[in-house]
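Subject: Structure handover

Hello,

Please find the structure below. My notes on what was found in it follow.

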Amino acid sequence: MNHYQFGVDYYPEHWPKERWATDARMMREMGIQIVRMAEFSWAKFEPSEGAFRFEDLDEAIDILGREGIDVILGTPSAAPPAWIVERDPDIQPLDWTMRRRHFGGRHHDCQSHPVYRAHIKRYVTAFAAHYADNPHVVGWQVDNELGNSHGDLCFCEHCEARFRAWLKQKYVTIDELNRAWGTAFWSQGYASFDQVHAPRVTVTGLNPSQDLDWKRFTSNLICEFHQFQADILRAHAPGKFITHNLMGFCSKPSYYDLGKQLDFASHDQYPGGHFHARHDEYRADWHAAELDFIRAVKQKSFWIMEQQSGITGWEILGRAPKPGQIPLWAMQCVAHGADTIVFFRWRSCAMGTEQYWHGILPHNGVPGRYHREISAFMKKYAPLLKELNGSVPKAEMAILRSYDQERAFDIQPHHPQHRYIQHLATYYKAFHRANVPVDFVGEEHDFTPYKVLIAPLQFLMTPEHAAKLRAYVERGGTLVLTWRSGVKDGTNLCHTEGALPCLVDDLCGVALAEYDCLRDTTGLVHWDGVDYPCDIWCDVLETTTAEPIAVYAHEFYAGSPAITRNRYGKGTVYYVGTQMAPELADRFACELCADAGIKPLLVTPHGVEVTHRVVDGKRYLFLLNHLETSQRVDVPASWRTWDDADWSGELSELGVQVFVEE
Amino acid sequence: MNHYQFGVDYYPEHWPKERWATDARMMREMGIQIVRMAEFSWAKFEPSEGAFRFEDLDEAIDILGREGIDVILGTPSAAPPAWIVERDPDIQPLDWTMRRRHFGGRHHDCQSHPVYRAHIKRYVTAFAAHYADNPHVVGWQVDNELGNSHGDLCFCEHCEARFRAWLKQKYVTIDELNRAWGTAFWSQGYASFDQVHAPRVTVTGLNPSQDLDWKRFTSNLICEFHQFQADILRAHAPGKFITHNLMGFCSKPSYYDLGKQLDFASHDQYPGGHFHARHDEYRADWHAAELDFIRAVKQKSFWIMEQQSGITGWEILGRAPKPGQIPLWAMQCVAHGADTIVFFRWRSCAMGTEQYWHGILPHNGVPGRYHREISAFMKKYAPLLKELNGSVPKAEMAILRSYDQERAFDIQPHHPQHRYIQHLATYYKAFHRANVPVDFVGEEHDFTPYKVLIAPLQFLMTPEHAAKLRAYVERGGTLVLTWRSGVKDGTNLCHTEGALPCLVDDLCGVALAEYDCLRDTTGLVHWDGVDYPCDIWCDVLETTTAEPIAVYAHEFYAGSPAITRNRYGKGTVYYVGTQMAPELADRFACELCADAGIKPLLVTPHGVEVTHRVVDGKRYLFLLNHLETSQRVDVPASWRTWDDADWSGELSELGVQVFVEE
Amino acid sequence: MNHYQFGVDYYPEHWPKERWATDARMMREMGIQIVRMAEFSWAKFEPSEGAFRFEDLDEAIDILGREGIDVILGTPSAAPPAWIVERDPDIQPLDWTMRRRHFGGRHHDCQSHPVYRAHIKRYVTAFAAHYADNPHVVGWQVDNELGNSHGDLCFCEHCEARFRAWLKQKYVTIDELNRAWGTAFWSQGYASFDQVHAPRVTVTGLNPSQDLDWKRFTSNLICEFHQFQADILRAHAPGKFITHNLMGFCSKPSYYDLGKQLDFASHDQYPGGHFHARHDEYRADWHAAELDFIRAVKQKSFWIMEQQSGITGWEILGRAPKPGQIPLWAMQCVAHGADTIVFFRWRSCAMGTEQYWHGILPHNGVPGRYHREISAFMKKYAPLLKELNGSVPKAEMAILRSYDQERAFDIQPHHPQHRYIQHLATYYKAFHRANVPVDFVGEEHDFTPYKVLIAPLQFLMTPEHAAKLRAYVERGGTLVLTWRSGVKDGTNLCHTEGALPCLVDDLCGVALAEYDCLRDTTGLVHWDGVDYPCDIWCDVLETTTAEPIAVYAHEFYAGSPAITRNRYGKGTVYYVGTQMAPELADRFACELCADAGIKPLLVTPHGVEVTHRVVDGKRYLFLLNHLETSQRVDVPASWRTWDDADWSGELSELGVQVFVEE
């Protein structure tokens with residue numbers, strides 16, 4: 001049972017000790033019940049080898065504990081201290097160009113390096129043992145945002161050695177590796193595993209099979225790095241939970257794999273759009289997708305471990321959150337299944353890279369607007385979060401999000417603008433606009449609870465995966481496959497037998513005649529008298545048993561099917577041959593839902609999101625207005641406001657209203 | 001005598017042995033007479049040092065031979081195998097930043113490295129000896145696309161040592177090098193050749209004379225690398241031809257120099273526009289130019305060694321060729337002087353970097369549209385190719401394409417948008433639009449067969465070259481020189497005496513008053529009452545004996561001559577002081593042809609190309625419609641269709657029609 | 001007393017000795033009185049260690065001397081010769097990525113390297129001694145454009161060792177460094193100075209405090225490198241002046257610091273806009289600002305050591321100066337306080353990187369338009385320059401230009417388009433448009449002579465600096481502060497107490513409620529019924545004692561003050577919370593001048609600049625027309641033309657007119 005609704009990320013080591021009691025009191029007054037600490041404080045707690053100094057942290061925990069606040073502690077492996085680096089500079093990672101990346105930021109470590117592993121083992125063992133019996137320390141976080149800001153990991157000899165061992169375990173013989181990697185091309189045959197390297201800088205070209213295995217290996221290494229620490233923590237400090245602050249669609253490690261080691265998933269949510277994001281785009285649907293995906297990691301409710309509480313940025317800053325926006329963002333997390341919201345951070349940091357990654361309090365520690373808004377939010381909604389605890393949205397539709405397919409398209413995107421996740425978003429956003437709840441699933445998950453499974457870009461198609469999809473359809477599921485499906489096998493070699501989409505062509509009732517990459521141009525799809533734009537790619541379909549439901553209206557293949565439907569077994573399979581523009585995706589979503597018998601939660605104007613969470617049959621409905629103008633929304637008579645407020649039918653700008661239906 | 005009209009590039013090592021006989025039969029049925037093989041198969045044929053295993057290749061050749069198909073074999077030096085790299089990793093090249101480029105793609109070799117040379121010598125000697133008496137093996141290709149994808153060669157100590165030796169041979173004394181390189185500037189004087197390096201990364205600035213010699217040296221090294229292997233092949237397997245798959249305007253090695261070693265030139269033609277090309281541009285004229293240039297390499301007809309037969313691309317794909325487009329592209333090659341068309345490749349490769357560089361057959365080996373179109377093309381036109389064999393287009397005009405001038409402008413382009421080859425294309429395209437046949441020539445070639453010689457951008461001007469141009473004009477030739485001519489001497493130092501264009505100012509009858517780089521702006525040229533755009537650069541001319549035929553209409557030099565004509569000896573010299581927009585180039589081409597008495601082959605609408613090849617006085621005329629709409633073309637009554645088809649006066653979209661005139 | 005009005009930069013070593021007498025005669029005839037030489041000629045004068053060969057230079061000086069021309073000699077440390085580099089290749093610098101930058105351009109030296117220092121000491125000592133008694137050698141220049149083209153200096157072990165020593169001297173203890181750098185963040189605490197490095201390439205993020213100190217250190221290193229040579233010159237050749245060719249707003253070394261070592265400042269002025277500059281922008285105001293800034297270096301009149309005399313460029317060229325433009329540019333220098341104009345260069349160089357950085361004479365040495373225009377200019381204005389010698393423009397307003405603030409914003413610009421110098425230019429240009437003379441000052445300078453001090457972006461605010469600003473206001477000054485002031489302390493840590501702008505909030509009479517980065521958007525400021533655009537940033541002000549004079553008209557803070565005025569002591573403080581568009585800056589400048597009692601020199605149409613220099617109460621007024629159309633200008637009756645020309649009231653295109661008022 002989760003006892004926490006609200007928390008905050010806190011760095012007592014950044015502030016004078018005299019301030020700590022004030023901070024703790026202010027937190028308690030605000031409604032904070034838990035803080036995360038210590039994930040970047042190795043140098044303070046072990047200033048030289050084995051000389052552990054946890055006294056300050058003990059004191060901070062004690063001060064917080066006296067205010068009734070519990071603690072999650074992070075292991076500090078994302079930032080080894082200078083004294084370690086000085087002794088062993090080669091624990092600093094080598095990037096793809098074999099250039100050393102140095103101390104001075106964070107993540108300046110090689111996760112393979114045996115010397116670094118030994119340092120971690122010593123620290124984490126001592127850390128776990130020290131806090132094993134501290135009743136205020138309730139959980140752990142290993143490292144920080146694993147996979148973030150790590151370039152493409154390290155290319156040092158230790159990483160290559162691990163890669164070779166991983167390959168040996170996978171392929172057993174070098175002949176099998178040669179076959180799986182297609183090394184007959186360009187004379188790349190290996191006589192032994194010793195000749196195999198990480199995919200380093202070449203004159204031109206890379207082997208896509210080698211590259212895919214490298215990406216799988218690096219994901220695996222990150223997970224194993226987490227396991228290495230989690231094992232120590234569980235051994236020396238049993239009875240505490242372990243979670244990790246994941247980062248939405250970050251694709252470095254497989255979160256499905258990492259999730260297996262966690263008691264529950266956590267997520268860092270910064271909708272303000274720092275760094276490269278455009279600030280004039282509507283992104284509420286994207287943030288919703290990330291939350292729905294995080295829920296998929298453990299297929300249950302989750303925490304937000306870092307929730308934006310002010311302006312974000314490093315050298316370049318994002319925009320100031322508007323009045324009401326921080327509560328809105330926090331409520332969107334709740335609306336998608338967050339049980340606990342931990343705000344990042346308590347007070348804007350005066351030092352270092354993140355001086356402008358603002359906290360609830362400004363640099364001078366005097367509460368301002370952000371504090372006011374967040375306090376009010378906590379006070380009002382803490383009871384709601386208690387009621388919702390452990391519940392999730394209930395979805396009849398799932399989108400298959402595959403790390404392997406994403407890796408394969410990262411390696412060979414085909415079209416300069418094609419991105420795997422953006423393609424998924426085409427579908428997600430259409431259902432989001434329609435207020436149809438969606439789950440994400442991985443290849444290993446059970447598809448059968450869902451009426452509809454959207455399985456986009458099934459580029460790599462193994463017999464096992466094809467069989468699973470087939471079984472899902474046979475027993476009545478509606479499956480949506482999209483272009484470039486069935487092209488390759490599990491090691492990124494092209495299938496050399498059968499018709500595209502290979503292994504599932506009969507399931508789809510189509511065979512590919514051709515395909516066309518829409519470089520520097522766009523296309524048209526004709527459906528029921530309307531021409532809709534499409535782009536990126538066109539699979540030119542020939543139907544065998546399927547019926548065309550839309551056709552191309554451009555190029556030499558005008559009139560050929562672009563979207564088809566095939567009744568198969570008790571189920572149905574759609575094949576979408578092109579990248580749909582939003583209007584076409586909406587048309588398709590409408591058709592699909594009607595055919596599969598799925599109803600939206602509510603029809604709302606653009607910018608108003610509706611979600612629900614279900615607690616023992618009682619539905620909580622969330623209306624979230626992401627626009628800066630108020631909007632009229634008609635709700636069913638059966639919905640009553642959760643806070644017993646009068647419902648005017650108008651949702652204020654950036655406003656939130658929760659309803660209950662029993 | 002060339003016995004082959006059609007061939008295909010084939011990689012039996014990529015496919016199961018059981019398939020080979022099927023492939024050979026299908027090839028024969030299609031009309032294939034020759035295949036190129038083995039240029040990327042070192043690891044298969046020599047899996048460890050000296051352990052040659054040519055059995056599989058023998059078998060493939062035998063299977064093909066039984067179908068009456070002959071073979072060209074490539075030496076595999078573009079891809080040394082892993083076991084060589086493992087033993088001598090420093091045969092992998094160092095790029096300009098001294099970063100090692102690794103195994104994993106292709107061209108991961110230093111062409112200077114003595115260890116690598118020894119490996120090549122062993123392999124090529126055995127290879128040549130093994131196939132010396134095989135009657136089906138009729139020719140060789142050394143390496144693959146030499147100069148392609150090689151960054152700027154290698155900067156290792158072996159390359160620098162060769163560079164020093166090359167310089168020593170050229171300059172004999174260090175004083176002469178110091179003079180030729182102008183090392184008085186920025187204190188760059190050398191006391192000995194040992195102090196000289198390749199042009200490496202500096203803080204700022206490079207010596208343009210050093211850079212020019214480096215570029216000449218790297219061209220020379222590539223040619224010497226080819227010679228090294230050609231010598232072995234000719235010694236151990238006499239009586240077979242040697243050709244090389246050149247790449248149009250690729251400027252790394254001088255194809256004039258490389259061509260001297262070849263029995264005939266070959267070319268790789270991919271008009272579909274892979275990689276960086278825009279797919280919405282008209283490029284038929286550019287492809288025509290490349291073909292005309294390849295003809296210049298040996299000044300005779302040539303082969304296409306790789307002819308596009310499907311979608312091209314690596315990580316990013318090009319567009320699907322439209323129906324009819326592959327035959328059109330192949331016929332364009334024939335129309336410009338190709339005797340033999342070898343399609344690349346037989347079947348789309350399932351492995352490695354080039355999985356999407358599509359072949360005649362798709363991955364699954366089942367013939368589709370590309371196979372259908374190419375088969376029909378071969379069947380119809382094989383007799384035509386036999387008739388044309390060895391003939392060439394006949395041109396009265398030549399464009400001087402100089403590697404040295406291109407190198408000098410690569411080093412100092414003056415204007416951000418200026419590219420030497422694009423400047424040549426200004427002229428080529430104007431004549432192409434007018435259907436005036438054009439040859440390319442090099443500095444060493446004989447100019448006298450041509451009524452007109454376009455010699456653009458004669459930036460580097462030596463006394464010898466000036467004298468050759470002068471003699472050409474004196475005896476009646478019409479010479480066109482363009483801006484920035486006569487600025488520098490042969491080692492990239494500025495001329496310090498006389499008026500610009502130095503050494504040829506009297507020939508042109510002009511002296512430069514000034515010049516102006518049109519940075520961030522454009523200009524105007526006034527000619528007979530019309531203002532035409534110009535850009536990039538303006539030489540501001542003062543006439544001595546020339547007559548102005550067009551003047552500038554912009555800036556403080558408005559009214560000064562922009563284009564002049566000078567009668568000199570029995571000939572005429574035009575000087576064009578600026579980069580002409582297409583309309584101005586057309587106006588100029590028209591003037592020039594009228595003045596020189598050159599007539600177009602035919603007047604056609606935009607997109608319809610006309611060329612001819614002449615066989616013993618009999619003219620074959622090619623009409624090629626590069627647009628996707630049919631077009632009306634009036635042809636003279638004396639032309640009859642080669643295939644005795646009725647000529648409707650309409651050329652279908654992407655259509656081809658061959659005529660004969662006797 | 002300065003005896004020189006006009007000079008030229010000359011490289012006799014680039015030309016045959018036989019030409020030298022001709023050059024000297026032509027110079028004298030033109031009006032040249034002084035030449036700068038030898039700053040890039042180490043290899044010639046010391047071809048091997050200790051083997052000095054100054055004979056040629058002696059001869060050149062002698063030839064010039066016989067024409068009455070004096071000489072400034074440069075030390076050649078910007079280009080160590082090949083023989084030094086061959087022996088000690090590690091004197092070549094390492095860039096940020098630890099990549100060696102090689103011989104072949106210039107500045108290929110590490111200024112810290114003890115071996116290189118020894119070479120310099122030997123050369124400069126001999127050089128100084130040799131010319132100590134030469135009456136024609138009147139001054140020295142150390143190196144060339146120090147700080148130019150030096151990447152970010154060198155990151156070698158010697159530079160890091162000097163950095164550590166510099167830090168040790170500054171912070172004494174490692175604890176103090178840890179505090180000053182905020183190393184508590186991301187576990188960056190150091191146990192000893194030995195663990196500290198230059199800010200090298202990290203995986204992600206840098207410490208802004210470390211980065212600021214590194215930038216300060218590199219400035220200091222450059223100044224110390226200059227001092228090292230200046231000390232030798234002064235010791236061995238006393239009685240000669242030392243100056244340096246500075247580069248306007250180049251920010252690598254602090255010119256205030258460097259200036260302390262100089263007898264007078266010099267500047268290289270190339271208004272033609274080489275390299276990255278756009279050629280279609282109006283930049284006369286920017287060039288004016290650079291000149292006014294150079295005057296601030298020693299707070300007195302200055303030299304131009306390199307004045308553009310033709311087309312500039314390296315690989316890419318700039319535009320040809322238009323007729324009259326070179327004299328106009330030279331006169332603009334005089335108008336802002338230049339006493340002497342040395343043109344760069346005598347003759348266009350035929351060799352090396354700078355072949356197209358054109359001189360007065362073209363490559364062939366035959367005088368053309370540039371020579372004609374410059375000759376006429378010298379002849380006409382030599383008497384004027386004599387009269388003006390030592391005088392300066394008189395300004396009632398100053399802009400504070402701070403190297404430290406610029407460094408801090410280079411490290412953290414906040415907004416992608418924000419540049420410190422561009423922000424200063426917002427103010428400078430408004431006053432330039434209004435023809436209000438402006439001085440620049442540094443933090444150390446005396447502010448009290450000025451009615452108004454514009455102190456933009458006072459991001460780093462120390463108690464000492466706050467006190468100085470306060471004192472200035474208290475005694476009657478008008479101070480203008482702008483956004484992001486008072487955010488940080490002297491080591492780039494955020495202030496953690498008080499209201500923003502910290503330490504000066506009461507002086508301004510405001511406290512910041514919030515701020516907003518205008519990423520991907522713009523804003524509006526409302527002032528007296530008009531809405532003006534603003535962008536980049538908004539400080540949202542709350543007034544305590546100030547009065548709002550303009551408010552925001554966008555976002556949730558619409559209606560909040562954007563610009564405020566506070567009467568404090570005898571003075572006034574403005575706070576401008578946003579980046580003003582030009583129209584708003586003009587409105588503000590108008591208000592400010594009216595309030596402070598500052599009058600423009602004259603009202604002129606756009607493109608006509610007016611400045612003055614005051615000699616013993618006599619005013620010289622310069623009218624400069626930077627546009628290519630003539631313009632009407634009304635001048636007061638009290639102004640008479642300096643050359644007694646009739647004043648038509650019309651200033652010709654690119655024209656100049658000097659007036660006198662007594």
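Predicted model: local features only at pLDDT ≥ 70, side-chain atom pairs only at ≥ 80, totals over all residues.

Helix 7 of chain A spans residues 174-181, and its buried residues are A:L177, A:A180 and A:W181. These residues lie on the same side of helix 7 of chain A, because the arc they cover around the axis is only 90°. After helix 7 of chain A comes A:G182, which has a positive phi, near 60°.

**How the chains are related**

Chain A is superposed on chain C by a rotation of 120°, with 0.0 Å of shift along the axis and an RMSD of 0.0 Å. The two copies are therefore related as by a three-fold rotation axis. Which residue of chain A comes closest to that axis? It is A:R99, with its C-alpha at 5.5 Å.

Chain B is likewise superposed on chain C by a rotation of 120° with 0.0 Å of shift along its axis, and the RMSD is 0.0 Å. In chain B, the C-alpha nearest the axis belongs to B:R99, at 5.4 Å.

**Contacts between chains**

The contact between chain B and chain C takes 43 residues from chain B and 51 residues from chain C. On the side of chain B that touches chain C, helix 8 (208-236) and strand 13 (510-517) of chain B each supply at least two residues. Strand 13 of chain B gives the largest share of that side, four residues. Sorted by class, the side of chain B that touches chain C has 18 nonpolar, 19 polar and six charged residues.

The contact between chain A and chain C takes 49 residues from chain A and 43 residues from chain C. Helix 2 (42-45) and helix 4 (82-87) of chain A each supply at least two residues of the side of chain A that touches chain C. That side of chain A divides into 18 nonpolar, 19 polar and 12 charged residues.

In chain C, four strands make an open sheet in the order 20-21-25-23, and the pairing is antiparallel. Strand 20 (608-615) and strand 23 (640-641) of chain C are the edge strands, each pairing on one side only. Strand 23 of chain C is joined by two bridges to strand 25 (residues 656-661) of chain C, and the two run antiparallel. Within this pairing, C:T641 has C:F659 in strand 25 of chain C as its bridge partner.

Chain B has an open sheet of four strands with the order 20-21-25-23 and antiparallel pairing. Its edge strands are strand 20 (608-615) and strand 23 (640-641) of chain B, and each pairs on one side only. How many bridges join strand 21 (residues 618-625) of chain B to strand 25 (residues 656-661) of chain B? There are six, and these strands run antiparallel. The bridge partner of B:L621 in strand 25 of chain B is B:F659.

**The core and the strands that pair in parallel**

The largest nonpolar core has 637 residues. Those with the most contacts inside it are A:A398, A:L453, B:A398, B:L453, C:A398, C:L453 and C:Y575. Neighbours within four places in sequence aside, B:A398 is in contact with B:V438, B:D439, B:F440, B:V441, B:F447, B:Y450 and B:L453.

In chain C, strand 9 (residues 397-400) and strand 10 pair in the parallel sense over four bridges. C:L400 stands opposite C:V441 in strand 10 of chain C. Strand 10 of chain C covers residues 438-441. From this strand, C:V438 and C:F440 point one way and C:D439 and C:V441 the other way, and all are buried.

**A loop in chain B**

B:P600 sits in the loop between helix 17 (582-596) and strand 20 of chain B. Leaving aside its neighbours within four places in sequence, B:P600 is in contact with B:A434, B:N435 and B:V436. B:P600 and B:S485 are 115 residues apart in sequence, and their C-alpha atoms are 29 Å apart in space.

Regards

Key. Residues numbered from 1 in each chain as written. Chains lettered and ligands numbered in written order. Least-squares fit on C-alpha atoms with pLDDT ≥ 70 in both. Contact = placed C-beta atoms within 7 Å. Nonpolar A, V, L, I, M, F, W, Y, C, P; charged D, E, K, R; others polar. Pairing = 2+ DSSP bridges. Buried ≥ 20, exposed ≤ 12 C-beta atoms within 10 Å, placed from the backbone. Arc of directions from axis to C-beta. Core = buried A, V, L, I, M, F, W, Y, C linked by C-beta atoms within 7 Å.
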